[in-house]
Amino acid sequence: MYYCKIHTIGIHNTIVSNIHEYQLLYQKLEDETSMTFRNAALQNNNDILASKYTSIVYDAYLRSMSIDKYKQAISYISSTKHTISCWETIKRILYKYLYEPIILLIPNIFSNEGLLLWLSKYSNNYNRSWIRGVGFTLLITLLFYFIINYCGTETQYFIIDFRFHNFGEVLEGYLSLLDIFNLSSTPQPMQLNIYGRILLFFAKIAIAYGSWQTIYAFYKYKR
């Protein structure tokens, strides 16, 4: 099959081998199709395609779990005669980069398996995107930076006034938090209280995780 453009691909109870899948143009793999392609890639020792289809399998699994939990919540709310807001008016770009991560996180935040899948998806797209790993690390650092500043310091290190006052110092504080191993030998500029030290501990774990996920995503190019 060469340069075939189709909306969905569905394969059931079929053994696939020596298929030029990278030349197919499709929007969705149905049901067990991604698993079929993954098994074929493993048989052909194609780690890149195997990683690709593994990510699709996990992504479908995460979505399926989330949908099931939302259906349960919707069923409960409907039974109490409450109305549910319509998501059709949400713009695509906001849904993809803002609302979708939140929507997928809420039902899985207390689920070990669901939370690990969520973290793997948004930290490096199931070991396939180092760029997402960089973005995840920078964002998680920024989040902890704000939380520590407002909840974990003796006096607030910076105040948001939208005038970029002392921007250099604020940036230095952010970079010192990002540098969890203190490779630049820059002292921590914020005066932390006991809660700040606890938050700093968790921040270092989260930042180290993001850094590792960024590095590990390069493994898809190991061959």
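Biologist: How do you know that the span of helix 5 agrees with the number of its residues?

Modeller: Helices (H or I, at least four residues) and strands (E, at least two) are DSSP runs, numbered from the N terminus, and the expected span of a helix is 1.5 Å times one less than its number of residues. Helix 5, residues 130-151, has 22 residues and should therefore span 32 Å, and because its end C-alpha atoms are 31 Å apart, the two values agree. Helix 7 can be treated likewise, since its 23 residues reach 33 Å from first C-alpha to last, close to the 33 Å expected.

Biologist: What should I keep in mind about the model itself?

Modeller: This is a predicted model, in which local features need pLDDT of at least 70 and side-chain atom pairs count only at pLDDT 80 or more, while totals for chains, interfaces and linings use all residues. Residues are numbered from 1 along each chain as its sequence is written, and side-chain values use heavy atoms, with hydrogens and water left out.

Biologist: Which pattern does the protein chain follow along the sequence?

Modeller: The pattern is β-β-α-α-α-α-α-α-α, made of seven helices and two strands.

Biologist: Why is Gly152 called buried?

Modeller: Buried means under 20% relative accessible area, exposed over 50%, and partly exposed in between (1.4 Å probe, protein chains only). Gly152 has 0% relative accessibility, so it counts as buried. Gly152 sits in the loop between helix 5 and helix 6, and its C-alpha atom is separated by 5.7 Å from that of Leu192, although the two residues are 40 apart along the chain. With contact meaning heavy atoms within 4.5 Å, and residues up to four places away in sequence not counted, Gly152 touches Ile147, Gln191, Leu192, Asn193, Tyr195 and Gly196.

Biologist: Why does Thr214 count as buried?

Modeller: Its relative accessibility is 12%, and therefore Thr214 counts as buried. Thr214 belongs to helix 7 and, not counting residues up to four places away in sequence, touches Trp130, Gly133, Val134 and Thr137. Across the 223 residues of the protein chain, 33% count as buried.

Biologist: What covers the buried residues of helix 5?

Modeller: The cover includes helix 4 (112-124), helix 6 (167-178) and helix 7 (194-216), and the buried residues in question include Gly133, Phe136, Ile140, Phe144 and Ile148. Helix 7 has buried residues of its own, among them Leu199, Ala203, Ala206 and Gly210, and the buried residues of helix 7 pack against helix 4, helix 5 and helix 6.

Biologist: What makes a set of residues a nonpolar core?

Modeller: A nonpolar core is a set of buried Ala, Val, Leu, Ile, Met, Phe, Trp, Tyr and Cys residues joined through side-chain atoms within 4.5 Å. The largest one here has 15 residues, of which Phe144, Tyr145, Ile148 and Leu177 touch the most other members. Helix 5, helix 6 and helix 7 each give two or more residues to this core, and helix 7 gives the most, with five residues. Leaving aside neighbours within four places in sequence, Phe144 is in contact with Leu177, Leu199, Phe202, Ala203 and Ala206. A second, separate core of eight residues includes Ile11, Phe37, Ala41 and Tyr53.

Biologist: What makes a space a pocket and not a cavity?

Modeller: On a 1 Å grid over the protein atoms alone, a cavity is a set of points where a 1.4 Å probe fits but cannot get out, whereas a pocket is an open set with protein on both sides within 12 Å along at least five of seven lines, and lining residues have an atom within 4 Å of a point. Grid points are joined across faces, edges and corners, and a volume is the space filled by probe spheres set on the points. The largest pocket has a volume of about 1,700 Å³ and is lined by 44 residues, of which Glu100, Pro101, Lys121, Tyr122 and Arg132 lie nearest its centre. Helix 2 supplies the largest share of this lining, 11 residues.

Biologist: How many residues line the second largest pocket?

Modeller: The second largest pocket holds about 490 Å³ of space, and of the 18 residues that line it, Phe158, Ile159, Ile160, Phe167 and Val170 are the closest to its centre. Helix 6 supplies the largest share of that lining, five residues.
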